[in-house]
Amino acid sequence: MKGLWVKDLLVLKKQKLAVVLMFILAICSLAIFGRIGIMVGMSVFLMVVSMVVLTALTVDQQNHGLMYLLTLPIKKRQYVVQKYVLLLLATICSTVVMTIIAGIFAAVADWDVGFSDIFTRVYSVGVAMLSILILTMQYQIKHGPEKAQVAMSIIGAIVAIAIGGVVALVKYTSFGEEIFNRLYMYYIEHGSLLILVFFTVAGAAVVSLSCAKSIKTIESMEIQ
Amino acid sequence: MLEVKDLKKKYNNFQLDCSFRIEEDQVVGLVGRNGVGKTTLFRSILGLLRPDEGEINLFGRSVAHLTEADKARIGVTFPHSFFSEQLTIAEIKQVMIATYSAQFNAAEFDQKCNRLQLPLDKKVKNFSTGMQTKLKLLLAMSHEADFLLLDEPTSGLDVIVRNEILGMLQDYLDQKNNRSVLISSHISSDLEQLCDFIILIDDGKIILQEETDNLLNHYGILKVSEQEYSSLEQEFILAAKKRSYGYACLTNERRYYQENYPKIAIEKGSIDEVLMLLAKGEEQ
Amino acid sequence: MINLNIIIQHSSMIPIYEQIIEQFKGQIVKRSLRENDPLPSVRSLAKELNVSALTVKKAYDALEESGLIVTVHGKGSFVAPFNLELEKEARQKEIESELESTIKKAKHYGISNGDLQELFNLLLEG
């Protein structure tokens, strides 16, 4: 298993440029959009970080690479678990980094946001994106990198539409507005703890279920 | 060391159906045309495919349950599958050390890379086919593996480098007396020099399993005219195919025909000739 | 490691392990291989001659059976102590069988025993 980590880190190191670029973009979005930029910047940053991580999987799958890799002294299940842990770690790191930066911005530019508020926003985006990427990875493990790219675009589109739909619902319907106000009141009164817990539990569920499914996939599929 | 029992696997356009064993200290060559099932067989042995029927046991254990320690004793090369070509040899070395720890002999590996002129800091994707092939084989032999499974390990190499590689393989086998190899190749001369046993596969089935020795020393190709063919003792003729001059016949008792039919043209058996006569594809 | 000077003809119709055995025997009789000289390992000889290890193993086994080499487990094979009696006996037998087949042939051709003896004495003198 250690070999897998060394390999992935070596591969990922080659993508430093992409990450640095996105880092800069995230900072810019914070600078330009202020508080709203927190969630936007985080989404963008995390998206790139995770795509960079997904390339670790892609690179293994290209040129029948998985065939050779699985003849090394690793178990198929270890391979899958390692990939999931990798994605998880990347998300956690991005969350921490983004929180710190946003925090610095907030302090320097004197925004009206508490630290826990920043963290909640970053965290919820983090978990939401993680789920999407986890599902993409699950799909990619089963169907290969080419199809996964298509899938990811589709998923991205669906998510965008869903978010747009929710926003529209909240803005333009009284029903939506009421639910939103209730949740917001709750949030103001009780703080972000519940939200964090909710996201964590939901996230953990998605990750473990997906991982189990992927292990099953790889154990039974024909590697070529 | 390896036991394949009644392995059956239906694949694209053939049905794999074979049984054989490989003991310690044996080198077995697998020969057959493209697409007859050689790579499928390798994949089955390595647990990358599940057979429809039959069992495969490696190191006394079913390949479906190989432990990491078992897998550490295997060295594999595939013609079209390897580490990501974005990596350099130096980086691959790091991965190997992390994967095999003390078993990986870094000093010897460096030495051999040097000898074969493989640059340590160039991305593998910039290597020629020959260089990639050499690297794959070196890696397979770099961690004290007891069993090597080499799928077309010398394709793309010129004869001089092939000889060097085969020499390294021989040295590798000489280091310990329990190492075995299963090697598939199109280059019969390599197999004739290296292998103790030859397995010929056609259409997913084993059409010949023989000691290389016997094949080279007792098998023969009789080249006879129509007339001669009709009066030929058929008992030791394994196969015959029509040719422009009459018939080419395969026998495993060359001496018999040498002694009793001194006038017929008889040639030594070679893997290529034997395969051509035994494989399907021309009228019999 | 002893430089063996064994030459194998791959293109020959004579089985390779027979060629190996013959060459070995020749060297032992000629004394270019002496008692207790170590033989190369099966694999290294196989590599040198470009033949399979099994072929060399067979040759070594045959040589061991005829008492010409001795294999010590874990140490390798060595030229057996030169058994003069064995050698003499073997040579005697060889000549005996050759004479036998010549006599047979002579009878086949209808040459009388007397003529044959005369011929033999003539050749012995000359």
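Two strands count as paired if DSSP finds at least two bridges between them. I work with a predicted model, where local features need pLDDT of at least 70, side-chain atom pairs count only at pLDDT 80 or more, and totals for chains, interfaces and linings use all residues. Residues are numbered from 1 along each chain as its sequence is written, while chains are lettered from A and ligands numbered from 1 in the order in which they are written.

**Entry 1**

I looked up β12(B) and its neighbour β13 (residues 246-251) of chain B. They pair in the antiparallel sense over six bridges. Strands here are DSSP runs of E with at least two residues, helices are runs of H or I with at least four, and both are numbered from the N terminus. B:A240 has B:C249 in β13(B) as its bridge partner.

I then traced the sheet itself. It is open, has four strands in the order β12-β13-β11-β14 (chain B), and the pairing is antiparallel. Angles run from 0 to 180 degrees between N-to-C directions, and axes are lines fitted to C-alpha atoms, for helices over the stretch in contact.

Helix α11 (residues 271-278) of chain B packs on this sheet and touches β11 (220-224), β12 and β13 of chain B. Its direction makes about 115° with that of β13(B). Contact means that the C-beta atoms of two residues, placed from the backbone, lie within 7 Å.

**Entry 1: other strands of chain B**

I moved to β4 (residues 53-58) of chain B. It pairs with β1 (residues 2-10) of chain B in the antiparallel sense over five bridges. B:K8 stands opposite B:E53 in β4(B). On to β5 (residues 61-62) of chain B: two bridges pair it with β4(B), again antiparallel. B:N57 stands opposite B:S62 in β5(B). β4(B) and β5(B) form a hairpin with two residues between them. In its turn, B:F59 has a positive phi of about 55°.

B:I74 stands opposite B:F147 in β7(B).

**Entry 2: two helices of chain A**

I looked at α5 (residues 76-109) and α9 (residues 193-220) of chain A. Their axes come within 9 Å and cross at roughly 150°. Residues of α5(A) in the contact include A:Y79, A:V80 and A:Y84. Among those they meet in α9(A) are A:V207, A:C211 and A:I215. By class, the contact has nine nonpolar, one polar and three charged residues. Ala, Val, Leu, Ile, Met, Phe, Trp, Tyr, Cys and Pro count as nonpolar, Asp, Glu, Lys and Arg as charged, and the others, Gly among them, as polar.

**Entry 3: chain C**

I noted the domain assignment, which is automatic or from a database. It gives domain 1 (16-79) and domain 2 (84-125) in chain C. Their C-alpha centres lie 32 Å apart.
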